[in-house]
Amino acid sequence: MKGKVYLVGAGPGDYKLLTLKGLECVQKADVIVYDRLANENYLKEAKPNCEFIYVGKASSNHTLPQEDINRVIADKAKEGKIVTRLKGGDPYVFGRGGEEGELLREEGIEFEVVPGITSAIGGLCYAGIPITHRDYASSFHVITGHLREDDKENPEINWNALANTNGTLVFLMGVANLQKISSNLIKEGKSKDTPVALISWATRYNQRVVISTLENVYETAIKEGVKPPTLIVVGEVVGLRDKLNFFENKPLFSKRVIVTRSRTQSSSLVEKISDLGGNPIEIPTIKIDKIENNIELENEINNIKDYTYLVLTSKNGVDIFFDKLDEMGLDSRALANLKVCAIGSATAKEIKNRGIKADIVPEKFVAEYLFEELKPMLKSTDKVLMPRAKNARDYLVDKIGEICEVKEIHTYETVVDSTRKDEVLELLDQDNADYITFASSSTVKNFVEIIGEENIDKLNNIKVISIGPITTQTIKELGLNLYKEAEVSTIDGMISTIIEDK
Ligand code: SAH
C-alpha cells in the first residue's frame with residue numbers, strides 16, 4: 001500500500017469555509033497533522049481511529065520546527081498512510097506549503113494540494129471589507145509582516161512601491177512589526193490618514209476588528225491589546241466596513257454556547273449556532289450502545305402485521321429500527337398498515353427521511369403530550385410496538401398499556417460518556433462559555449455525572465437553558481440554576497431563547 005499526502009487549505013476559521021475536497025481529505029485520512037489556525041472541529045469529521053498530530057501553537061515554545069513537521073508527514077506517508085496536512089487559510093499563502101511539497105517530491109512521496117480560502121481575502125470579507133472595489137482599489141497586495149532584522153538589506157519588501165500604489169495592502173504575521181510597517185509606508189509617501197483595519201481571529205466567533213489610521217495604528221494596537229493572529233489591512237476599502245459588515249451583525253455573534261448532546265444525535269443545534277455567528281462547544285454526554293443481534297426486534301418485525309401502531313421516540317430509535325428493516329430485506333412498505341407516531345418534530349423528520357410521514361407528532365417533545373394525542377384514538381383491540389432505549393421512562397408504556405396491548409423492545413442503551421471530563425472542567429474553570437443548553441433530562445443527569453456533583457458550582461456563571469418542562473425539572477432536582485426554559489420545546493425554541501436574551 002502506498003501512502004499519500006494531501007496539503008489542505010483549511011480556510012480562515014469559520015467551520016464551513018472548507019472546500020468539499022478538503023473535507024473529503026479529512027474524512028479519508030489515517031493521520032491528520034494540524035496547527036492552531038485550522039479549525040479543530042474538522043477533526044470530528046475524521047475516521048474513528050484516525051491519528052491526530054498537533055504541530056504548533058504560534059508564539060509559544062510548543063511549536064514543532066518546520067523540519068520536524070516535514071519529517072512527521074513524510075514518515076507517516078512512508079508507512080503507507082494517507083496523511084492530511086491541514087493548514088490555515090491557503091497552503092501556499094505564507095503557509096510554507098511549497099517547502100512541504102518540495103520535500104515530499106524529493107522523497108518520492110505522492111501528494112496533492114487542495115487550495116483553501118486565504119485569510120488575506122476571506123478574513124477581510126467577514127470584517128466587511130472587500131479587498132477590491134471599483135471606486136477604491138483596483139489591485140491588492142498580500143505581504144509578510146515577518147520582517148528580517150536588518151530591514152535595509154531586505155530586498156523582499158519594496159516599501160516605496162507599496163506606498164505608492166492605491167491597491168489594498170494586507171500584511172500577515174505583522175503585529176509585532178506594526179510600527180515598522182506603518183512608519184515605512186508613511187516615509188515612502190503613503191498618506192498618514194489612510195484607514196487601517198486590524199482583524200484578529202477573522203471569520204471566527206471571536207473575530208475582533210480595530211479601526212485606525214496609518215499614523216495612529218501602532219498606538220491603537222497597543223491600547224487595544226491586539227495580538228496575533230491578526231490581519232493588517234491598509235487602504236480606502238476599510239471604510240466600507242460600516243455598510244458591509246454582515247458577520248458581526250449576526251444574532252449570536254460572539255456567543256459561546258455549550259451544547260450537551262449525544263454524539264450520535266444530529267448536531268443541528270451546533271450547526272445552527274455557528275450559522276448564526278456563535279461558537280457552539282459540543283460536549284457529548286451520552287453514547288448510544290446499540291443492542292446487537294436483536295432477535296426480539298427481528299421477531300416483532302416478522303410479526304409486524306399484528307400491530308396497529310408504531311411509536312418511535314428518538315432519532316436513534318428511528319435509525320436502528322429502519323436499519324433493521326433494511327437488514328431484513330424490507331422497507332417502509334412493511335409498515336403500510338400501521339399508524340406511525342413520533343415523539344417530536346426531529347423524530348418525525350427522521351421518519352420522513354425513511355419515506356414515511358408520521359401520523360401523530362405532538363406539539364411538545366414530551367411523552368405526556370404524545371399520550372394525550374394518542375389516547376382518544378386508541379382502542380382496546382389496538383396493538384402498539386415501541387422499539388426504544390433500554391433506560392427510557394416508563395410513562396408511555398404504562399399509560400398505553402392501560403388501554404391496549406403494548407410491546408416495548410429495547411433497541412439501544414444510552415451510557416454516560418465520561419471521556420472528556422478534564423476538558424469540560426477546564427472549560428468551566430476558564431469561564432469560557434456564556435450558555436449551556438440541555439435538550440433532555442438524561443443529558444442533564446449525564447452531564448452532572450461527568451463533571452461530578454462537587455463541581456456543579458462551576459456552572460454558576462453560565463446561563464442554563466432548558467428545552468422544556470421535564471428537562472427543567474431535572475435541572476432543578478440536580479441543583480443547577482435554571483436561567484430560561486424554551487417557550488417551544490424544540491432546538492429552534494432553545495435558539496430563540498438565546499437570541500432574545502439580550
Ligand atoms: N496560509 C494562511 C496564512 C498563514 S501565515 C492563510 O492563507 O490565511 C499566518 C498569518 O495569517 C497570521 O499571523 C495572521 O496574520 C494571518 N491569519 C491567518 N488566519 C487568520 C485569521 N483567522 N484571522 C486573522 N489573521 C489570520
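Colleague: Is Phe 94 buried, partly exposed or exposed?
Modeller: In this predicted model, Phe 94 has a relative accessible area of 38%, so the residue counts as partly exposed. Buried would require under 20%, and exposed over 50%.

Colleague: Where is Phe 94 found?
Modeller: Phe 94 sits in the loop between strand S4 (82-87) and helix H3 (97-106).

Colleague: Which residues make the nonpolar surface patch with Phe 94?
Modeller: Ile 121, Phe 140, Val 142 and Met 173 make the patch together with Phe 94, and the area comes to about 400 Å².

Colleague: Met 173 interests me. What does a backbone N or O atom of Met 173 lie 2.9 Å from?
Modeller: That backbone atom of Met 173 lies 2.9 Å from an oxygen atom of the ligand.

Colleague: And how much of the ligand does the protein bury?
Modeller: The protein buries 93% of the 540 Å² that the ligand exposes when taken alone.

Colleague: Which residues around the ligand come nearest?
Modeller: There are 17 residues around the ligand, and the nearest are Val 93, Thr 118, Ser 119, Ala 202 and Thr 230. The side chain of Thr 118 has an N or O atom 2.7 Å from an oxygen atom of the ligand. On the backbone side, a polar atom of Gly 88 is 2.9 Å from a nitrogen atom of the ligand.

Colleague: Let us turn to strand S7. How many of its residues are buried?
Modeller: Five of the five residues in S7 (residues 168-172) are buried, and the strand is mostly covered.

Colleague: Which residues point which way from S7?
Modeller: Thr 168, Val 170 and Leu 172 point one way, while Leu 169 and Phe 171 point the other way.

Colleague: In which sense do S6 and S7 pair, parallel or antiparallel?
Modeller: Strand S6 (residues 140-144) and S7 pair in the parallel sense, over five bridges. Within that pairing, Thr 144 has Leu 172 in S7 as its bridge partner.

Colleague: How many bridges join S7 to S10?
Modeller: Three bridges join S7 to strand S10 (residues 230-234), and these two strands run antiparallel. Leu 169 stands opposite Val 234 in S10.

Colleague: What about strand S1: how many of its residues are buried?
Modeller: In S1 (residues 4-9), six of the six residues are buried. Lys 4, Tyr 6 and Val 8 point one way from the strand, and Val 5, Leu 7 and Gly 9 point the other way.

Colleague: Lys 4 is a buried one, then. Which residue is its bridge partner in S4?
Modeller: The bridge partner of Lys 4 in S4 is Ile 82. S1 and S4 pair in the parallel sense over six bridges. S1 also pairs in the parallel sense with strand S5 (residues 111-114), over four bridges, and Val 5 stands opposite Phe 111 there.

Colleague: A change of topic: where is the place of Phe 365?
Modeller: Phe 365 is in the loop between helix H12 (345-353) and helix H13 (367-374). Its relative accessibility is 36%, so Phe 365 counts as partly exposed.

Colleague: Finally, how many helices and strands does the chain have?
Modeller: The secondary structure comes to 18 helices and 19 strands. The C-alpha trace spans about 90 × 55 × 50 Å along its principal axes, and buried residues make up 51% of the 502 residues in the chain.

Terms used: Residues are numbered from 1 along each chain as its sequence is written. This is a predicted model: local features need pLDDT of at least 70, side-chain atom pairs count only at pLDDT 80 or more; totals for chains, interfaces and linings use all residues. Side-chain values use heavy atoms; hydrogens and water are left out. Patches are made of residues with over 30% relative accessible area and no salt bridge: like charges are joined within 9 Å, nonpolar side chains (Val, Leu, Ile, Met, Phe, Trp, Tyr) within 5 Å. Accessible areas come from the Shrake-Rupley method with a 1.4 Å probe; for residues, only the protein chains shown count as cover. A salt bridge is a side-chain nitrogen of Lys or Arg within 4 Å of a carboxyl oxygen of Asp or Glu. Buried means under 20% relative accessible area, exposed over 50%, partly exposed in between (1.4 Å probe, protein chains only). Two strands pair if DSSP finds at least two bridges between them. A residue is near a molecule or strand if one of its heavy atoms lies within 4 Å of it. A polar contact is a pair of N or O atoms within 3.5 Å; within protein, one must be able to donate a hydrogen and the other to accept it, and residues adjacent in sequence count only if both atoms are side-chain atoms.
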